[in-house]
Amino acid sequence: MVRNERKLKPLQIRFLHDSISHNFNNGTPILDTFTDLLYGELTPEDLPMIEVIRDNDKWYSFNGHRRLYLYKLLEEHNVIDEITVKVIPDEDIDWKRVGRKKSTKNDGESVKVRGDESFVDSRDQIIQTWKRSEDLNQVQITTSGGSRHHGEPYIVTPQTMSVGNTGTHSNISNNGTEAVFRSPEIRTKKKGCLQCVIL
């Protein structure tokens with residue numbers, strides 16, 4: 001790890017902004033990137049590093065608020081634990097610029113998502129679908145009584161499978177208005193210069 005880089009838990013980092021857009025600057029819905037991160041098609045290392053500052057023993061994101069929002073969700077659901085961030089040294093911090101950027105009304109504990117009234121429902125649906133897929137990966141199919149001919153598939157019924165609770169909870173508040181939900185069956189891996197387009 002190079003100088004001025006360190007590991008932090010996303011939930012340790014506060015927002016400077018009061019709200020974020022539901023899209024990245026290139027028009028990509030942040031929920032598309034969240035889905036890729038959730039299913040492991042992307043990792044935080046594939047995206048530009050977030051820059052942070054330290055003020056009164058608290059960490060704040062100087063940029064990358066949309067990425068930070070996604071990383072917080074991922075940590076809440078135990079997908080990631082820490083991310084690598086770039087720490088801006090105290091002597092290099094432009095505090096006047098920080099003051100202009102700082103619009104948070106709750107000391108950076110949460111942000112609102114602008115521009116998508118269905119954002120929260122779409123986000124929660126993505127999480128619930130992912131939870132079901134994770135649970136199904138762990139299902140052990142068993143048979144009781146009788147015999148099964150070679151090559152004959154097992155029949156999965158509510159009696160032969162058990163899935164965990166698909167409920168979800170987030171301590172990040174949002175309001176917002178048209179995220180795209182994509183079924184995992186039709187997902188395709190993204191390629192290209194993500195460092196150039198995700199801001």
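Q: Which residues is Val52 in contact with, leaving aside neighbours within four places in sequence?
A: With those neighbours set aside, Val52 is in contact with Leu8, Ile13, Trp59, Tyr60, Ser61, Phe62, Val85, Lys86, Val87 and Ile88. Contact here means heavy atoms within 4.5 Å.

Q: What kind of model is this?
A: The model is predicted: local features need pLDDT of at least 70, and side-chain atom pairs count only at pLDDT 80 or more, while totals for chains, interfaces and linings use all residues. Residues are numbered from 1 along each chain as its sequence is written, and side-chain values use heavy atoms, with hydrogens and water left out.

Q: Which residues touch the most other members of the largest nonpolar core?
A: They are Phe34, Val52, Tyr69 and Tyr71, in a core of 31 residues. A nonpolar core is a set of buried Ala, Val, Leu, Ile, Met, Phe, Trp, Tyr and Cys residues joined through side-chain atoms within 4.5 Å. Buried means under 20% relative accessible area, exposed over 50%, and partly exposed in between (1.4 Å probe, protein chains only).

Q: Which elements each supply at least two residues of this core?
A: They are α1 (30-38), α2 (65-76), β6 (83-87) and α4 (119-137). The largest share, six residues, comes from α2. Helices (H or I, at least four residues) and strands (E, at least two) are DSSP runs, numbered from the N terminus.

Q: What does the second, separate core include?
A: That core has seven residues, among them Ile53, Tyr60, Phe62 and Ile93.

Q: Changing topic: how many salt bridges are there?
A: The count is seven, where a salt bridge is a side-chain nitrogen of Lys or Arg within 4 Å of a carboxyl oxygen of Asp or Glu.

Q: Which residue does Arg14 pair with?
A: Arg14 forms a salt bridge with Glu109, and their closest N and O atoms are 4.0 Å apart. This pair links distant parts of the chain, 95 residues apart: Arg14 is in strand β2 (residues 13-14) and Glu109 is in the loop between α3 and β7. Glu109 counts as exposed because its relative accessibility is 52%.

Q: And what about Asp18?
A: Asp18 forms a salt bridge with Lys105, the closest N and O atoms being 3.7 Å apart. The two are 87 residues apart, with Asp18 in the loop between β2 and β3 (19-21) and Lys105 in the loop between α3 and β7. Asp18 is at 18% relative accessibility and so counts as buried, whereas Lys105 is exposed at 70%.

Q: Where does Asp107 sit relative to Lys58?
A: Their side chains meet in a salt bridge of 2.6 Å, N to O. Asp107 lies in the loop between α3 and β7, 49 residues from Lys58 in strand β5 (residues 58-61). Asp107 counts as partly exposed at 25% relative accessibility, and Lys58 is partly exposed at 30%. Salt bridges that share partners join Arg14, Lys58, Asp107 and Glu109 into one network.

Q: Is Ser110 buried or exposed?
A: Ser110 is at 9% relative accessibility, so it counts as buried. Ser110 is in the loop between α3 (95-101) and β7 (112-114). Its side chain makes a polar contact with the side chain of Asn106 at 2.8 Å. A polar contact is a pair of N or O atoms within 3.5 Å; within protein, one must be able to donate a hydrogen and the other to accept it, and residues adjacent in sequence count only if both atoms are side-chain atoms.

Q: And Val111, buried or exposed?
A: Val111 is found in the loop between α3 and β7 and counts as buried at 0% relative accessibility. Val111 and Ser19 are 92 residues apart in sequence and 4.8 Å apart in space, C-alpha to C-alpha.
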